[in-house]
Amino acid sequence: MLSSDNANQYYFNLRDTLSDDAPNKVKFIKVYSLLNELFFEILDGEKQLFSNFFTSSIFIFDRFKFPPELIRNINKVRYFSNQLKRNNKLYCSNDDLIYATQAAVKAIERLSNLPVPDYLSQYFRADLIFHWKPESLGGEDKIIKEIRVVVKSRKKHEKQYDYDDAALLCDSDDFGQVNVILKDWHSDVSKLLWRGAVLNLFDFAVAGNNNSDNNSATDAENPAEITLESTANSLVVLEPDYLIDVTGIAECFNSTGSNVYLYFLKLFIRTGTSYPLVVGNLVNSVFDEMIANKYAGFDSALKNAMSFKPLQIFALMEKDPDSIKLLRPGIAKHFKNLMHITSNFDCRHISIEPSFISPAYGLQGRLDAMLEYDDDEDRKDVIELKSGRAPSIDMSFRGRNNYNVKTGVWRNHLAQVSCYNLLLDSAYSGRVGSSQILYSKTEEFPLRNVPNIIQNKQEVLDLRNWILALERALSRGVYSMFDSFTTKQFGKRPSFINSEIIEFASCYGSLSDIEKKYFHVYVAFLLKESAAQRTGSGGSVYNKGFSRLWREAIEEKISNMTALAGLRINVEKSDFNTFHIHFDFA
């Protein structure tokens, strides 16, 4: 929290800014600069890296539970300030300046609990309106937070900007038939759809009742009741009951961008034992040991880690005998860094490798560690351990809409943690908390903050949708993807993948027609089996695969004899240290 003395100083600085003779534009930018200073002062002492105001504000909004209206106001101030810096023709009114000052004052009050002094509150009005609004913020239409729909038909809507908007006619349990307008780049998902496809839609605006402008996607006999339009904050999930592993999605991202083909290439390339892989496994096991036992020494932790998966050690000895000598000193460096970091954890409880599934976002994954706190039940911090080389703290990435964020983490690690944020969003309503990559090999800011922003979530879900659509295409006999597995056609990838592409292309290209047909049919068969295991094979209302876990109520499961009811844990006969639990019928 901000001290009273420092809060008063910020109030004084805002008063002086308002009374200055400078133009409103200059004063507006100064107010925004004060917000920057305020937020970075609050974060002073945090052990994770915050590269700019954008990432720090997301963390502060989350940690101090800023109300949604204040978050929107501060974001508008940030957006307008950046535009004022780039565009000399933009006009800044007195109301705009007061609006920014009011947002800053409320932030100071929130972070210090010091009441707003009269010399500032006298400027504020209840009817104050921020006259300038960026188009991306949209209007004040009602927002549907989440709705599941089934696609009935699709058709081009109209062209705006650089994208073709797409219109869908869908069925929903909530509203009957609805028109869904996918605007801007959201329309890309329409290329993946088929009749009967299930979509989970998040944060869609209610654009109004059905009218003549929406006839491109209406049913004459039973027209849609409402029209929903995607917004800048919308998420679209294709077939959400089909869970895809977080790691597979993250591996499709690299410094050059993203490429869904990387997911499929790894399905067909054998991976062997390597020194970095063994080190990574051992460091993860050592990390788990240190969390479970804060007094664990290096020797005992390493011994337990090596005995957990001993075969990988033998495999490495056979492949690269000299590297075995490097294991102990190499892991010792990681242990030293981890000891310093874990000793500063001030949480109530740390869950080691908790697993999550999300039928809302179609994801499943396992975190390295999740931190929980006594003073805030909603706070869940994510720690993802990485034993490889850390990037520069100035590492940044450019998103789909050319937004640039400096994070200090590798792009695939950012994608992985963004998926974890979605998993926790799904599991804990109202969850707050930070997300961090822990680079155990480096001493320069080993904890790197990953901004929990909607753009990252949109990009990983978009990639997930492509994985699902291409798996479905392969299972239905569309094999043209394999012809693109060449160094010329594969697309964006890290350079070390080239050898794997060449290996696949050489093998695939040498197959006879009958061998290639066998390969295609076998791949389709395996993907159909995988889909059946996850969501059911059809033909029976009871056959929902793994998804019956959430698609059936407990009463249905008892009736279908797929769940045992009336069980009670027998504590005396259970051994929780070995995960042996004894149940008695109640």
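## Nonpolar surface patch

In this predicted model, Ile 581 sits in the loop between β19 and β20, strands being DSSP runs (E, at least two residues) numbered from the N terminus. Ile 581 belongs, with Leu 564, Leu 567, Ile 569, Val 571, Phe 576, Phe 583 and Phe 585, to a nonpolar patch on the surface whose accessible area is about 830 Å² together (Shrake-Rupley method, 1.4 Å probe, only the protein chains shown counting as cover; patch residues have over 30% relative accessible area and no salt bridge, with nonpolar side chains joined within 5 Å). Two or more patch residues come from each of β19 (567-569) and β20 (583-585).

## Salt bridges

The whole structure holds 17 salt bridges (a side-chain nitrogen of Lys or Arg within 4 Å of a carboxyl oxygen of Asp or Glu). One of them joins Asp 376 and Lys 65 at 3.1 Å, N to O; because Asp 376 is in the loop between β13 (369-372) and β14 (380-386), and Lys 65 in the loop between α3 (53-63) and α4 (68-86), the pair ties together parts 311 residues apart in sequence.

## Basis of the values

Residues are numbered from 1 along each chain as its sequence is written, and side-chain values use heavy atoms, leaving out hydrogens and water. Local features need pLDDT of at least 70 and side-chain atom pairs count only at pLDDT 80 or more, whereas totals for chains, interfaces and linings use all residues.

Methods
Patches are made of residues with over 30% relative accessible area and no salt bridge: like charges are joined within 9 Å, nonpolar side chains (Val, Leu, Ile, Met, Phe, Trp, Tyr) within 5 Å. Helices (H or I, at least four residues) and strands (E, at least two) are DSSP runs, numbered from the N terminus.
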